Amino acid sequence: MDIAFLVVEDEHVLRRALVRALSAHGRAEGVGTCATARAALRARRFDSLVVDVKLPDGVGLDLISYARQLWPSIWILVLTGSHEHQVISRIHELGARYLLKPFSPEQLKIHAEETRARRDAGDRRLSMALDRWSRGH
């Protein structure tokens, strides 16, 4: 099964570029606001949330807790142009990774590969647990 990325970026050109780059690694969907991101997260499973900090209708960091409530194993990557200590500290507190804008396509590829590795590891753990349970019952 393909891994799925939700890209939340209000800058249309960058959002399209991110979706195109991540589509090489799975299914990628792009939205431009917190409201549309919440709707997408409710509608289907995503393995990764790639989110900008500043969005027209809120702060992208607020989406992290919401996404994890729905999908606890979601892997988060925050995109920011900010070097402010407060922003970077908050990203770390939320247990997310970040990339400073501008970033290289190679950095995005690494995120995609980490997302796949985390998804595969989770699938293996689930399979092993089900196998143990079925042998015991």
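**Exercise 1. The sheet**

Task: In what order do the five strands of the open sheet stand, and is the pairing parallel or antiparallel?

Solution. Step 1: In this predicted model, the five strands follow the order 2-1-3-6-7, and they pair in the parallel sense. Step 2: Strand 2 (26-31) and strand 7 are the edge strands, since each pairs on one side only. Step 3: On average, neighbouring strands of the sheet are turned by 20° against each other, direction ignored.

**Exercise 2. Strand 6 and its partners**

Task: How many bridges link strand 6 to strand 3, and how many link strand 6 to strand 7?

Solution. Step 1: Strand 3 (residues 48-52) pairs with strand 6 over five bridges, in the parallel sense. Step 3: Strand 6, helix 4 (residues 85-93) and strand 7 make up a right-handed β-α-β unit. Helix 4 lies across strands 6 and 7, at about 150° to strand 7.

**Exercise 3. A residue of helix 5**

Task: Is His111 buried or exposed?

Solution. Step 1: His111 belongs to helix 5 (residues 105-136). Step 2: Its relative accessibility is 3%, and the limit for buried is under 20%, so His111 counts as buried. Step 3: Leaving out residues up to four places away in sequence, His111 touches Phe5, Ser48, Val50, Trp75, Ile76 and Leu77.

**Exercise 4. Helix 1**

Task: What span should the twelve residues of helix 1 have at 1.5 Å a residue?

Solution. Step 1: The expected span uses one less than the number of residues. For helix 1 (residues 12-23) it comes to 16 Å, and the end C-alpha atoms are 16 Å apart, which agrees. Step 2: Leu14, Arg15, Leu18, Val19 and Leu22 of helix 1 are buried. Step 3: Seen down the helix axis, these buried residues fall within an arc of 135°, so they line one face. Step 4: The face turned away from the buried side carries the exposed residues Val13 and Arg20.

Notes:
Residues numbered from 1 in each chain as written. Predicted model: local features only at pLDDT ≥ 70, side-chain atom pairs only at ≥ 80, totals over all residues. Heavy atoms only, no water. Helix = DSSP H or I, 4+ residues; strand = E, 2+ residues; numbered from the N terminus. Buried < 20%, exposed > 50% of the residue type's maximum accessible area, 1.4 Å probe, protein only. Arc of directions from axis to C-beta. Pairing = 2+ DSSP bridges. Right-handed = clockwise from strand over helix to strand, strands pointing away. Contact = heavy atoms within 4.5 Å. Axes fitted to C-alpha atoms, helices over the stretch in contact; angles between N-to-C directions.
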